[in-house]
Amino acid sequence: AAVTGPVAESVAYPNIALVKYWGKRDEDLFLPVTGSLSMTLDIFPTTTSVRMIEGPTDVIEFNGVAATGAARTRIETFLDLVRARAGRADRAMVVTSNAGPTGAGLASSASGFAALATAAAAAYELDLDGRALSRLARRGSGSASRSIFGGFVVWHAGEGEGEAGDLSSYAEPIGGDGLDPALVVAVVNQGAKAVSSRAAMRETTATSPFYRPWAESSVLDLAEMRTAIARRDLPAIGEIAERNALGMHATMLTARPGIRYLSPHSIAVLDAVLALRADGIPAYATIDAGPNVKVLCTRADAPRVSAVLDGLGDFVTTRTAHIGPGASLTTSSA
Ligand code: PMV
């Protein structure tokens with residue numbers, strides 16, 4: 001297809017929630033039930049370019065191949081939203097690739113939609129500030145709202161429904177200056193998940209008797225997490241993050257039927273984290289919609305933590321991440 005406009009290219013990094021987003025109050029607008037808080041990473045970025053093309057359909061290349069099925073539909077639907085905002089009909093060519101595993105609970109949709117929102121807004125000449133970009137990215141994947149920003153980021157649940165909810169549900173960076181933790185990512189399975197987080201959230205909120213209690217406790221966790229970050233208290237941050245994540249998995253396990261992302265390998269890593277703590281190393285685990293475990297610790301302890309986890313066996317490989325930057329435009333030229 002003939003290219004008719006400038007190219008906008010962006011890069012965005014995944015984020016890992018320390019207080020989780022789990023459950024929507026509005027599926028169409030991606031309004032969450034509760035607020036969440038994350039750390040943006042400096043590994044596994046997504047790079048995305050968007051340019052206008054002639055012709056009736058979008059051309060979408062995902063990790064080197066033409067996108068098909070649900071992945072394609074999700075990107076097209078997102079582009080339709082951008083086009084509606086811009087009042088334009090032009091089709092686009094999107095080329096996107098993830099440096100890390102896709103759909104494995106390693107936040108590829110967060111970096112992916114943060115990068116796509118940033119590049120598509122530039123290509124369609126929408127002039128959006130960080131808050132508006134965060135609200136836009138939210139419509140691709142809720143967690144993407146947080147990857148617009150670097151460092152520690154809170155995503156406000158927002159107040160009300162409809163437009164009021166949409167306007168008030170955005171992410172913003174919070175302090176945390178002086179905090180420089182490491183997140184040791186223990187990859188036990190690179191494969192894509194069998195149940196999407198969207199479907200799992202829907203089932204969990206609709207059927208788990210544990211969902212409401214978790215959501216209520218998560219509101220308290222978020223408030224406590226903010227004060228723990230403000231006083232740079234890594235053990236408190238880790239304790240809150242670990243209990244919040246295990247609670248989220250409890251809501252999934254008690255959905256009807258139950259949803260289980262944890263594998264025996266995830267449990268082996270959780271056991272190793274307990275053993276590290278028994279040895280006096282402040283290390284804390286969090287797990288998303290997949291079996292991989294992320295372990296929060298100090299930068300200085302990260303080599304020891306990763307050595308212990310790597311030593312568990314061939315089933316685990318680690319990558320150590322630190323605090324990373326927000327999404328950015330890397331090129332916007334003719
Ligand atoms: O935005 P989604 O659909 O990728 O959902 C993310 C859900 C969790 O990763 C499990 C939690 C979170 O807050 O990122």
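Modeller: Here is a short walk through the ligand site, then some helices, loops and strands. Keep in mind that this is a predicted model.

Colleague: Ligand first. How many residues surround the ligand, and which are the closest?

Modeller: There are 14 residues around the ligand. The closest are Tyr21, Ser141, Ser143, Arg146 and Ser197.

Colleague: What is 2.7 Å from an oxygen atom of the ligand?

Modeller: That is an N or O atom in the side chain of Arg146. The side chain of Ser197 also has an N or O atom 2.9 Å from a ligand oxygen. Gly142 uses its backbone instead: a backbone N or O atom there lies 3.3 Å from an oxygen atom of the ligand.

Colleague: And how much of the ligand's accessible area does the protein cover?

Modeller: The protein covers 91%. On its own, the ligand has 380 Å² of accessible area.

Colleague: How does the shell around the ligand split by class?

Modeller: Six residues are nonpolar, five are polar and three are charged.

Colleague: Which domains does the shell draw from?

Modeller: Domain 1 (3–177) and domain 2 (181–321). Each gives at least three residues to the shell.

Colleague: What about helix 3: how many of its residues are buried?

Modeller: Seven of the nine. Helix 3 is therefore largely enclosed by the rest of the structure too.

Colleague: Which residues of helix 3 are the buried ones?

Modeller: They are Ala132, Leu133, Ser134, Arg135, Leu136, Ala137 and Arg138.

Colleague: Now Arg198. Where is Arg198 found?

Modeller: Arg198 is in helix 6, residues 197–207. Its relative accessible area is 30%, so Arg198 counts as partly exposed. In sequence, Arg198 and Lys24 are 174 residues apart. In space, their C-alpha atoms are 8.9 Å apart.

Colleague: Let's do loops. What is the peptide bond from Arg256 to Pro257 like, cis or trans?

Modeller: That bond is cis, with omega near 0°. Pro257 sits in the loop between helix 8 and helix 9 (264–278).

Colleague: Is Glu125 buried or exposed?

Modeller: Exposed: Glu125 has a relative accessible area of 64%. The cut-off for exposed is over 50%.

Colleague: And what is phi for Arg232?

Modeller: Arg232 has a positive phi of about 55°, although Arg232 is not a glycine. Arg232 is in the loop between helix 7 (211–230) and helix 8. Arg232 is exposed, with a relative accessible area of 53%.

Colleague: One more loop. Where is Gly158 found?

Modeller: Gly158 is between strand 10 (152–155) and helix 5 (162–168), in the loop there. Gly158 is partly exposed, at 25% relative accessible area. Gly158 and Ser169 are 11 residues apart along the chain, and their C-alpha atoms are separated by 4.1 Å.

Colleague: Strands to finish. Which strand does Thr4 lie in?

Modeller: Thr4 lies in strand 1, residues 3–12. With a relative accessible area of 43%, Thr4 is partly exposed. Glu54 is 50 residues from Thr4 along the chain, and 6.5 Å separates the two C-alpha atoms.

Colleague: Last one: does Thr318 count as buried or exposed?

Modeller: Thr318 counts as buried, at 18% relative accessibility. Thr318 lies in strand 15, residues 317–321. The side chains of Thr318 and Asp310 are joined by a polar contact of 2.8 Å.

Note on methods. Residues numbered from 1 in each chain as written. Predicted model: local features only at pLDDT ≥ 70, side-chain atom pairs only at ≥ 80, totals over all residues. Heavy atoms only, no water. Near = heavy atom within 4 Å. Polar contact = N/O pair within 3.5 Å; in protein donor to acceptor, adjacent residues only side chain to side chain. Areas by Shrake-Rupley, 256 points an atom, 1.4 Å probe, with all protein chains shown as cover. Nonpolar A, V, L, I, M, F, W, Y, C, P; charged D, E, K, R; others polar. Domains from an automatic or database assignment. Helix = DSSP H or I, 4+ residues; strand = E, 2+ residues; numbered from the N terminus. Buried < 20%, exposed > 50% of the residue type's maximum accessible area, 1.4 Å probe, protein only.
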